[in-house]
Amino acid sequence: MTTLRKVLIADNVFYRLPMSGILISDDARSWYESGPVRDVTILHNSFIECGSPAIAVSPENDRYEGAVHRNITVEANRFLIRQGEAVHACSTDGLTIEGNYISTPRGDVLQPESFFKAENCRQVTIRENRCGSCLPQL
């Protein structure tokens with residue numbers, strides 16, 4: 001998904017995809033097929049046993065020279081994670097991850113922050129996420 005316009009991805013089920021359920025890239029190294037995003041909201045979705053990470057924000061920049069993407073919100077989603085991360089973001093300014101529920105089928109109850117990674121990101125807010133050992137009813 002790539003556009004400079006406002007994007008809302010809401011009320012979907014991403015079920016056992018072998019790759020990320022949502023990929024926000026920026027192909028600035030090879031095919032030049034996509035560019036940056038400026039306002040994306042990912043809301044009320046279920047990511048069930050998707051490849052890791054379930055949501056990937058990964059521009060193809062070789063070195064950090066400032067943010068590629070801006071204003072991405074991941075809010076009130078449900079993640080069933082077998083292994084890996086729920087969200088991994090790189091080179092993004094204005095990243096908000098809040099009110100999400102993460103569960104693991106193994107019964108491991110970990111800290112929610114262990115499922116989110118932000119590299120070379122600024123203005124990152126991660127709050128009010130919860131973890132449990134089973135997915136709440138869809």
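Predicted model: local features only at pLDDT ≥ 70, side-chain atom pairs only at ≥ 80, totals over all residues.
Reader: What is the mean pLDDT of the protein chain?
Author: pLDDT is the predictor's confidence in each residue, from 0 to 100. In the protein chain, 86% of the residues reach 70 or more. For the protein chain the mean is 88.

Reader: How many helices and strands does the protein chain have?
Author: Both are DSSP runs numbered from the N terminus: helices are H or I with at least four residues, strands E with at least two. Reading along the sequence gives the pattern β-β-β-β-β-β-β-β-β-β-β-β-β-β. The count is zero helices and 14 strands.

Reader: What percentage of the 138 residues counts as buried?
Author: Buried means under 20% relative accessible area, exposed over 50% and partly exposed in between, with a 1.4 Å probe and protein chains only. By that definition, the buried part of the 138 residues is 46%.

Reader: Which residues form the cluster of ring pairs?
Author: Rings of Phe, Tyr and Trp (its six-membered ring) pair if their centres lie within 6.5 Å; planes under 30 degrees apart count as stacked, over 60 as edge-to-face and the rest as tilted. Two aromatic pairs turn up in the whole structure; the rings of Phe14 and Phe47 are stacked because their centres are 4.8 Å apart and their planes at 5°. Phe47 and Phe79 are stacked too, because their ring centres are 5.0 Å apart with planes at 10°. The cluster is therefore made of Phe14, Phe47 and Phe79.

Reader: Which residues have the most contacts inside the largest nonpolar core?
Author: A nonpolar core is a set of buried Ala, Val, Leu, Ile, Met, Phe, Trp, Tyr and Cys residues joined through side-chain atoms within 4.5 Å. The largest one has 27 residues. Phe47 is buried at 1% relative accessible area, and Phe79 at 0%. The residues with the most contacts inside this core are Phe47 and Phe79.

Reader: Is Ala86 buried or exposed?
Author: Ala86 is found in the loop between strand S8 (78-80) and strand S9 (87-90). Leaving aside neighbours within four places in sequence, the contacts of Ala86 include Pro53, Ile55, Phe79 and Phe116. With a relative accessible area of 0%, Ala86 is buried.

Reader: How many disulfides does the structure hold?
Author: A disulfide is a pair of cysteine sulfur atoms within 2.5 Å. The closest cysteine sulfur to that of Cys121 is in Cys90, 6.4 Å away, which is too far for a bond. The number of disulfides is zero.

Notes. Residues numbered from 1 in each chain as written. Heavy atoms only, no water. Contact = heavy atoms within 4.5 Å.
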